[in-house]
Amino acid sequence: MNVTLVYLVAAVCFILGLKRLSSPKTARSGNLIAAIGMLIAICATLIDRQIVEYWQLGIGLAIGAVVGALFAKTVKMTNMPQLVAILNGFGGGASQLVAAAEFLRLTRAGTGIDTVTGTSIMLASIIGAVTLSGSFIAYAKLQGFKWIADQAVVFPGRHLVSVALMLGVVALGALLVVDPSQSLLFLLLHLLAMVLGVLLVVAIGGADMPVVVALLNSYSGLAGAMAGFLINNNALIITGALVGASGLILTRIMCKAMNRSLANVLFGGFGATPSGGGGGGAKQQGTVREVTAEDAAMLMAYANQVIVVPGYGLAVAQAQHVVRELADLLEKRGVEVKYAIHPVAGRMPGHMNVLLAEANVPYEKLWEMERINSEFPRTEVTLVIGANDVVNPDARTNKESPIYGMPILDADESQNIIVMKRSMNPGFAGIQNELFFNPKTMMLFGDAKTSLEKLVEEVKQVE
């Protein structure tokens, strides 16, 4: 069997899968095509190499299949960012283990390690370790564990410590390439790289989590590619390179959507303070108007167009099915309903798309920011559900705001704005939202799901 040719077929499946993942409408088939490609690559590798006994492989596959099935069935859509973070960590950890196993095999064999192999081992080890520890810190932040703050955790001199660790890890890696007999130094390399991964992610606030998740995904791909070079596996090299490149492209898109550089995300400590300079802080800037569910329902029921702006609050309340029910009721009354999707709304790239897809919201109703912004001026009602910084006009007008320059959804240009929030607490950026004090804005306080259920009942009562 020509394994190289089979790997080429698998690579074509990966590329087609990635292409189809670029659209919500074709994402499911893209995921299936990529999975078939991976199955082809795995089967080819097992048949060609026969690395271990098949019964051992069977046990590993069975365990992996059970764990994967449990994740798929039990993890809620609201916890998908945490799952993605864990899977990124698993990918980095797997590459780390491959590098360690190859290092031990070659050193025990006494045949020596050439420079190319040694460099591949060190890169797979370092990138894999950073990805593993960084991903689990990201998971802890996303999960909201009490022992780690959701905001950025910073301390004096952290940049110096991080740079010193980075230089130390690189120096250790170079030393081990020259003299791979130092097994204890190899262990120290892994430990220091994992500490570095913790420091890099712990200082990043919740507002930057979509960027971090995309970047860690890229790291896991790069680590996999290094492991592929190490064991001379073309399929792993291709797969890792595709994941690494697509992750970097997505990271760049996320940074552009936030009008920030990657260096600023990684080293800026965004969200480290409760207020953003002259951006108004978390203090209330004026008076707000409250609205009842009955009045809000009446306003939407007689509108020509309603735009729904989903945010993380929608995910927390698990209200995606109720908002779909509300939209269906409005559409039966002749109201046109659209969903405005900001690239960094939620906790991971595409979070809102995935959430609404679970509720079977038609793909054509999901409008990206560039398309939907021109629709707001002719929209009678914009319903903002749990979104905050992505609709904050400070990003356009306040040069002292930490989010100044970030492209936002122009919800404030609507004729009426209804904002659903639990309280007046600020978003991840730690600043108050100017939109809340707009004369056209009405606040509907309470749990998003409960409030939406009330709206559904009130819309049913409108004649």
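I began with helix 4 and helix 8, whose crossing is left-handed (the near helix is turned anticlockwise from the far one by less than a right angle; clockwise would be right-handed). I noted that helices here are DSSP runs of H or I with at least four residues, numbered from the N terminus. This is a predicted model, in which local features need pLDDT of at least 70 and side-chain atom pairs count only at pLDDT 80 or more, while totals for chains, interfaces and linings use all residues. Residues are numbered from 1 along each chain as its sequence is written, and side-chain values use heavy atoms, leaving out hydrogens and water.

**Entry 1: helix 4 and helix 8**

I looked up the axes of helix 4 (residues 80-109) and helix 8 (residues 209-231): they come within 9 Å and cross at roughly 25°. Helix 4 is therefore roughly parallel to helix 8 (angles under 35 degrees count as such). Axes are lines fitted to C-alpha atoms over the stretch in contact, with angles from 0 to 180 degrees between N-to-C directions. Among the contact residues I found Gly-91, Gly-92 and Ser-95 of helix 4, and Ser-220, Ala-223 and Gly-224 of helix 8 (contact means heavy atoms within 4.5 Å). The residues of this contact divide into nine nonpolar, seven polar and one charged; Gly counts as polar here.

**Entry 2: helix 13 and helix 17**

Next I turned to helix 13 (residues 320-332) and helix 17 (residues 448-461), whose axes come within 9 Å and cross at roughly 20°. Helix 13 and helix 17 are therefore roughly parallel to each other, and their crossing is left-handed. Which kinds of residue make up the contact of helix 13 with helix 17? I read nine nonpolar, no polar and four charged.

**Entry 3: Ser-125**

I found Ser-125 in helix 5 (residues 115-143). Is Ser-125 buried or exposed? Ser-125 is buried, with a relative accessible area of 1% (buried means under 20%, exposed over 50%, with a 1.4 Å probe and protein chains only). The side chain of Ser-125 makes a polar contact with the side chain of His-190 at 3.3 Å (a pair of N or O atoms within 3.5 Å, one able to donate a hydrogen and the other to accept it). A polar atom of the Ser-125 side chain also lies 2.7 Å from the backbone oxygen of Ile-121.

**Entry 4: Leu-199**

My last stop was Leu-199, in helix 7 (residues 183-202). At 16% relative accessibility, Leu-199 counts as buried. Leu-199 and His-159 are 40 residues apart in sequence, and their C-alpha atoms are 9.2 Å apart in space.

Notes
Helices (H or I, at least four residues) and strands (E, at least two) are DSSP runs, numbered from the N terminus. Angles under 35 degrees count as roughly parallel, over 145 as roughly antiparallel, 65 to 115 as roughly perpendicular and the rest as oblique.
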